[in-house]
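Have the model open while you read.

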Amino acid sequence: MARRTPYRNLPEDPPPLGAEGNANGTRQFEFLRYSHIFASLVREIMEVKFLREVSPYSLSLSQFHFLKVITLNGNHQVGEMANVLGVSPPAATKNIDKLEQMGLIVRTPSKGDRRATLISASAKGRLLVQKYEDLKLDRLTPVLQEFSAEEIDRISLLLM
């Protein structure tokens with residue numbers, strides 16, 4: 001009986017990665033799958049923790065990701081933001097509305113297209129993202145400095 005996977009888009013039987021499709025290939029596939037899941041969970045936990053430390057607002061990670069993209073990449077239309085972050089235009093609009101209510105972004109009419117509205121980060125929004133990035137750097141630098149360059153290279157190769 002084949003194992004059931006919780007992911008709809010993954011095959012029931014993973015493709016062989018090792019020589020001649022041996023059990024080692026299955027272990028490699030599982031290692032890659034689970035290490036990705038683990039890394040995603042750790043990243044999400046850290047992001048939430050850092051965000052709670054720097055933000056007086058009740059932001060979701062999705063809203064903060066919108067704010068970061070807006071801050072880093074200038075003026076965008078709602079549809080562009082939806083495409084960049086892989087969400088529907090209504091979901092993008094909902095997140096942008098909340099960010100605007102908090103004063104973290106501003107909407108301005110596009111000079112080139114009267115029908116379009118551009119979204120950019122407010123000074124308050126840019127400051128929040130900067131505080132987050134500063135905290136992240138302060139917390140992660142001491143940890144990463146404990147690794148040698150060779151160890152970082154080996155870990156990087158494992159995570160590829």
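Exposed here means over 50% relative accessible area, and buried means under 20%. Keep in mind that this is a predicted model.

With those cut-offs, start with helix H3, residues 78-85: its buried residues are Val78, Met81 and Ala82. They span an arc of only 100° around the axis, so they end up on the same side of H3. As a general point, an α-helix has 3.6 residues a turn, so residues three or four places apart point the same way.

What covers the buried residues of H3? The cover includes these elements:

| Element | Residues |
|---|---|
| Helix H2 | 61-73 |
| Helix H4 | 89-101 |
| Strand E2 | 117-121 |

How do H3 and H4 cross? Their axes come within 8 Å, at an angle of roughly 110°. That value falls in the 65 to 115 degree range, so H3 is roughly perpendicular to H4. On the H3 side, the contact uses Val78, Met81 and Ala82, while H4 brings Pro89, Ala92, Thr93 and Ile96. Sorted by class, that contact has six nonpolar residues, one polar and no charged ones.

Just after H3 comes Gly86, with a positive phi of about 65°.

One more spot to check is Pro56, in the loop between helix H1 (23-54) and H2. Is Pro56 buried or exposed? Its relative accessibility is 71%, so Pro56 counts as exposed.

Terms used. Residues numbered from 1 in each chain as written. Predicted model: local features only at pLDDT ≥ 70, side-chain atom pairs only at ≥ 80, totals over all residues. Heavy atoms only, no water. Buried < 20%, exposed > 50% of the residue type's maximum accessible area, 1.4 Å probe, protein only. Helix = DSSP H or I, 4+ residues; strand = E, 2+ residues; numbered from the N terminus. Arc of directions from axis to C-beta. Contact = heavy atoms within 4.5 Å. Axes fitted to C-alpha atoms, helices over the stretch in contact; angles between N-to-C directions. Parallel < 35°, antiparallel > 145°, perpendicular 65-115°, else oblique. Nonpolar A, V, L, I, M, F, W, Y, C, P; charged D, E, K, R; others polar.
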